[in-house]
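My notes follow the order in which I checked them.

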Amino acid sequence: MLRLILMRHAKSDWSHASLSDHDRPLNKRGLASAAALGNWMREKRYLPDQVLCSTAARTGQTLLALALDPSPHTQFVQALYHAEAPTMLNALHAATDPCVLMLAHNPGICEMAHRLVDDPPLHDRFHDYPTGATLVCDFDALRWEDIQWFEGTVVDFAIPRELMAET
């Protein structure tokens with residue numbers, strides 16, 4: 001059994017006009033959202049062994065704000081920066097650990113989520129995958145390279161706005 005935690009980065013800060021898209025950081029709400037996601041992951045025991053993270057500043061900051069402990073083996077993957085779903089699946093095929101957190105961007109991450117699961121969650125925000133949206137899904141496989149589209153079973157889906165409203 002393999003588990004994927006598919007997360008879109010938290011809300012970024014658009015106030016730095018001189019920064020490139022790649023270098024844009026999180027805003028205050030994004031930092032709070034990522035911390036809430038980290039709390040949710042710990043409470044639910046969704047703890048990755050491995051992280052595949054886009055090289056963008058906002059994905060790295062999201063990962064740091066999750067405050068995962070113990071710290072999983074992390075790879076920053078340039079190909080995940082604004083990747084389309086097939087590129088993301090190729091990156092996932094190279095994963096080696098049983099529970100992987102993939103942190104990336106829309107629109108590719110939304111497409112990836114929709115194409116991975118056999119039956120989407122009944123959540124009105126799954127269709128647009130807002131910032132911080134996180135899907136947890138399981139695969140009945142032994143190796144990541146064996147998974148294909150529409151084989152994942154949804155375990156959970158969350159968005160930070162709802163998690164923060166619960167506290």
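**Cysteines**

I looked for disulfides and the count came to 0. The cut-off for a disulfide is a pair of cysteine sulfur atoms within 2.5 Å. I checked cysteine 110, and it is in no disulfide. Its nearest cysteine sulfur belongs to cysteine 137 and is 14 Å away. Cysteine 110 is buried, at a relative accessible area of 10%. I then turned to cysteine 137, which is in no disulfide either. The nearest cysteine sulfur to cysteine 137 is that of cysteine 99, 10 Å away. Cysteine 137 is buried, with a relative accessible area of 0%. I note that this is a predicted model.

**Helices H1 and H2**

Next I looked up how H1 and H2 pack. Two packed helices are described by the angle between their axes and the distance between the axes. H1 covers residues 28-44 and H2 covers residues 57-66. Their axes come within 7 Å and cross at roughly 50°. H1 and H2 are therefore oblique to each other. The crossing of H1 past H2 is right-handed.

I listed the residues that meet. From H1 they are Leu31, Ala34, Ala35, Leu37, Gly38, Met41 and Arg42. From H2 they are Thr62, Ala65 and Leu66. Sorted by class, this contact has 7 nonpolar, 2 polar and 1 charged residues.

**Burial of H2**

Is H2 enclosed or open? I found 7 of its 10 residues buried, so H2 is largely enclosed by the rest of the structure. The buried ones are Arg58, Thr59, Gly60, Thr62, Leu63, Ala65 and Leu66. What do they pack against? I find H1 there, along with strands S1 (2-8), S2 (50-54), S3 (73-77) and S4 (99-104).

**Backbone checks**

I followed the chain out of H2. Alanine 67 comes after H2 and has a positive phi, near 55°. Aspartate 69 and proline 70 are joined by a cis peptide bond, with omega about 5°. Proline 70 sits in the loop between H2 and S3.

I noted another cis bond, from asparagine 106 to proline 107, with omega near 5°. Proline 107 is in the loop between S4 and helix H4 (108-116).

I also logged positive phi values in other loops. Histidine 82 is not a glycine, yet its phi is positive at about 55°. Histidine 82 lies in the loop between S3 and helix H3 (85-93). It is partly exposed, with a relative accessible area of 39%. Phenylalanine 150 has a positive phi near 65°. I place phenylalanine 150 in the loop between strand S5 (134-139) and strand S6 (153-158).

Methods: Residues numbered from 1 in each chain as written. Predicted model: local features only at pLDDT ≥ 70, side-chain atom pairs only at ≥ 80, totals over all residues. Heavy atoms only, no water. Axes fitted to C-alpha atoms, helices over the stretch in contact; angles between N-to-C directions. Helix = DSSP H or I, 4+ residues; strand = E, 2+ residues; numbered from the N terminus. Parallel < 35°, antiparallel > 145°, perpendicular 65-115°, else oblique. Left-handed = near helix turned anticlockwise from the far one by under 90°. Contact = heavy atoms within 4.5 Å. Nonpolar A, V, L, I, M, F, W, Y, C, P; charged D, E, K, R; others polar. Buried < 20%, exposed > 50% of the residue type's maximum accessible area, 1.4 Å probe, protein only.
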